[in-house]
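This report describes a protein chain from its overall form down to single residues. Please consult the sequence and the structure alongside the text.

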Amino acid sequence: MAFDAFYMAKVLDEVRALSQVRVEKIHQTSRDTVILHLKHSEGRAKLLIAANPAGPRLHLTAETPENPPEPPMFCMLLRKHLSGARLVDTQQLPMERCAIFTFSCIDELGDSVEKRLVAELMGRTCNLYLLSPEGRIIDCLRRVALDASAKRQALPGLYYQSPDPVEKQDPLSLTQEDYVNLLEQEGSDLLSQRLMDTLGGFSPLICREAALFAAGDTEARVSALDEKAVGEKLFLFFSEHLRHGAPYYYESDGAIRQFAFCPLHQYGDFRQAESFSLLLDMFYVNRDRKEAMRQKGQGIRKTVQNLCARLTRKLAIQEKELAQTLDRERLRQLGDIVTANIHRIVKGSTTLEAEDFYDEDMKIISIPISPILSPQQNAAKFYKDYTRMKNAEKELTRQLAIGAEELSYLQSVLEELDRAQNQQELEEIRQELALGGYVKAETGKKRMKIAKSKPMQFTSTDGFSIYVGRNNRQNDELTFRSARKDDLWLHAQKVHGSHVIIACAGAAVPDDTVTQAAQLAAYYAETSGGQNIPVDVMPVKQVKKPPAAKPGMVIYHSYRTVIVNPYPDIVVDALNAEKKPED
C-alpha cells in the first residue's frame, strides 16, 4: 500500500476540482473516521478522513458507512462550527501526509471567520484538529496531555503546532543532475533504500518501483550502476508520475493488495482505477467493514468464545468420567467375591485375600475393604458403586449429548458473528444470546431499539427468488414461518451456516437455480473458503425442529446432495447489493 504524501496530493487535487463547496452534514462513523457531506456546484460528495494509525487515509467516498446511534462529542463539535461552512482553501504540508482545509464560517456574533480543519495522517500520531481563526485548538480527535509529550501537546485552548518539517529532499525540486549526485554520495548501496533515505514523501513501494524502472531490478545496487544513466531515468520516472500520476493497483485472489500513483511493474499484472479516491474506496471498504464489525462484536465474541472453552473443558471431564464407568462390571464381580468370602473377613482388616473365581486360573487377589464397615456392608458397597456407575453412564451420556448440542449452537453463533454486516445484525445476535440466558439482557436506556431485519434475497438466472437467513433466529423464521412446505430448503452439509430457501411453491426448479442456491448456502457457511462443498437439498416439509432445540438447530431426512464451489456470480452481485443502506 502506498498512501504516501504524493498519493494524498493526488486526492487533494480531486477535492480542489470541486467548486463552490459547502459542508452540508457531518458524521463520525467510528472513533477515528469523520465524513464531511459536501454540496458543490455539480452535486454532492462525501469527504472521508480516517485518522486511524492502522489505515490512515483521506479521500472522496461513495460509501455510506453505518452511523452510531448517538454522535460522538467531537462530531457534535464539528457540526456546531462547520455546518454550512464554505471550503475556501485546501493545502498540504510539503512531503507530509498533513492536509489543511480552510472554511469560511459564521461565528456567534454573525461575523465571517475562517477556521481550519487539520488532518494529520502520519502513523501513530494520526489526529484531526479544529482550529480557531487565531490558530488555537478548539478541540481534536485525540487529546495529548502536557505530561504525555514534550513537544506537541494537543489540548483545547493551546496554539496548534505544525509537525516538524521533513528534512529529506523534495523530489519535485530536483534536477537530473541532483539525481546523479544522489547516487554519487555516500549512503545505502541498495538503490531503493538510498531513494527512501534521501527523498521525502515516498513509500518503500514507490522507491522499489523507481529502482525497477531506472536499474531494471528492485534489488539493484548503487555500486554496480552507471550513475549518469540511472540518474537520468530516475529524473524521468519522478517527473512523469509526480506531475501526471494515475491510480494503479495490483489485485490477487479478488482483493486489492497494493495501490500507488504509478504503474506497479514489480507485480507484473496491474490495473488502473477511475480515480484516486475510488481506488481507496475499493481497497478499504470491505476491510473497514470487517474491522468495524470485529470491534463492535468483540465483546459478544469474547463471551461466546469463553462459553465454548468452558463447555469444551466440561465435556472433556464428562467423557473421562464416562470412560471410567465402562469398568463397572468389575465392581459387581468384586462384590460377589466378597459375599462368597464373608466368613474369611477378620474384624478390622483392610484387605481380603481370596480366590478370583471369575479368573480361569483362580488367582488369589487382594480386595481393599473398609475396617469400619461390617463384612455385609463391604459387599453391599461394591454393589452400590456398581449401580452408581451404571446410572452415571446413562446420565453422562445424556449430558454429553446436551453439551455437544449446546457447543454446536455456540459455534454457530461465532459463525454468525463472522458474517454480521451491520450493527442491526449484531444486536439481533445479542438478543438471541440473551433469550438463551448466555448474556444479560439490556434494559432501560441501554437497550437499543432496532427494526427486525429481513433475510437476504437474491434472484436466480431463471427468475426464482432465493432467501438466505442472516442468523439462527432468522433461519428458524425463514424455514418454519415464511417458507411454504413445498419450497426447496438447502444447507451446507454437516457444518454451521445459513438456511437457504428457493421460493418455488412446488414447481419444478431448474438445475441452474438449484446450483446457484447451493452456492449461496456454501458461501454463507463455515466452509466458504473451501472448494467442492456438499450441500443438502430437500423440500421444506422434510425439515423438522426437535423439541427444545436451540435456535437454528434442525433435523432432516430424504435429501439429495449437490457439490458446488462457493463463489458464483450471483454472490458477487449480491455482495454489491448488500452495501445498499436499505438492506
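## Basis of the model

The model is predicted: local features require pLDDT of at least 70 and side-chain atom pairs count only at pLDDT 80 or more, whereas totals for chains, interfaces and linings use all residues. Residues are numbered from 1 along each chain as its sequence is written, and side-chain values use heavy atoms, with hydrogens and water left out.

## Overall form

The protein chain contains 14 helices and 22 strands. The C-alpha trace spans about 110 × 65 × 55 Å along its principal axes. The radius of gyration of the protein chain is 35 Å, while a compact globule of 583 residues would have a value near 25 Å. That radius is taken over C-alpha atoms, and the globule rule is 2.2 Å times the number of residues to the power 0.38.

Of the 583 residues, 46% count as buried. Buried means under 20% relative accessible area, exposed means over 50%, and partly exposed lies in between (1.4 Å probe, protein chains only). Contact denotes heavy atoms within 4.5 Å. Among contacts between residues at least 6 apart in sequence, 58% join residues at least 24 apart.

Strands of a sheet pair through backbone hydrogen bonds, either parallel or antiparallel. Here, two strands are taken to pair if DSSP finds at least two bridges between them. Strand β6 (residues 98-106) and strand β7 (residues 112-120) run antiparallel and are joined by 9 bridges. Within this pairing, C105 stands opposite V113 in β7. The two strands form a hairpin with 5 residues between them, and G110 in the turn has a positive phi of about 85°.

Strand β7 also pairs with strand β8 (residues 127-131), in the antiparallel sense and over 5 bridges. V118 has Y129 in β8 as its bridge partner. This hairpin has 6 residues between the strands, and G123 takes a positive phi near 55°.

## A three-stranded open sheet

Another open sheet consists of 3 strands in the order β11-β10-β12, with antiparallel pairing. Its edge strands are β11 (255-260) and β12 (271-272), each of which pairs on one side only. Strand β10 (residues 248-252) is joined to β11 by 5 bridges, and the bridge partner of S252 in β11 is A255.

A disulfide is a covalent bond between the sulfur atoms of two cysteines. The criterion applied is a pair of cysteine sulfur atoms within 2.5 Å, and a search of the whole structure finds 0 disulfides.

## Helix α8 and its packing

Helix α8 (residues 298-325) has 28 residues and reaches 40 Å from its first C-alpha to its last, close to the 40 Å expected at 1.5 Å a residue. The expected span is 1.5 Å times one less than the number of residues. Its buried residues include I300, V304, L311, L322 and T325. The buried residues of α8 pack against α10 (375-419) and α11 (423-435).

E393 lies in helix α10 and is partly exposed, at 22% relative accessibility. E393 and T325 are 68 residues apart in sequence, yet 6.1 Å apart in space, C-alpha to C-alpha. Apart from residues up to four places away in sequence, E393 touches L322, T325, L326 and R328. The side chains of E393 and R328 make a polar contact (2.8 Å). A polar contact is a pair of N or O atoms within 3.5 Å; within protein, one must be able to donate a hydrogen and the other to accept it, and residues adjacent in sequence count only if both atoms are side-chain atoms.

## A buried loop asparagine

N471 is placed in the loop between β16 (465-468) and α12 (472-482). At 3% relative accessibility, N471 is buried. The side chain of N471 reaches the backbone nitrogen of Q474 at 2.9 Å. Leaving aside neighbours within four places in sequence, N471 is in contact with E416, E428, I429 and E432.

Technical notes. Helices (H or I, at least four residues) and strands (E, at least two) are DSSP runs, numbered from the N terminus.
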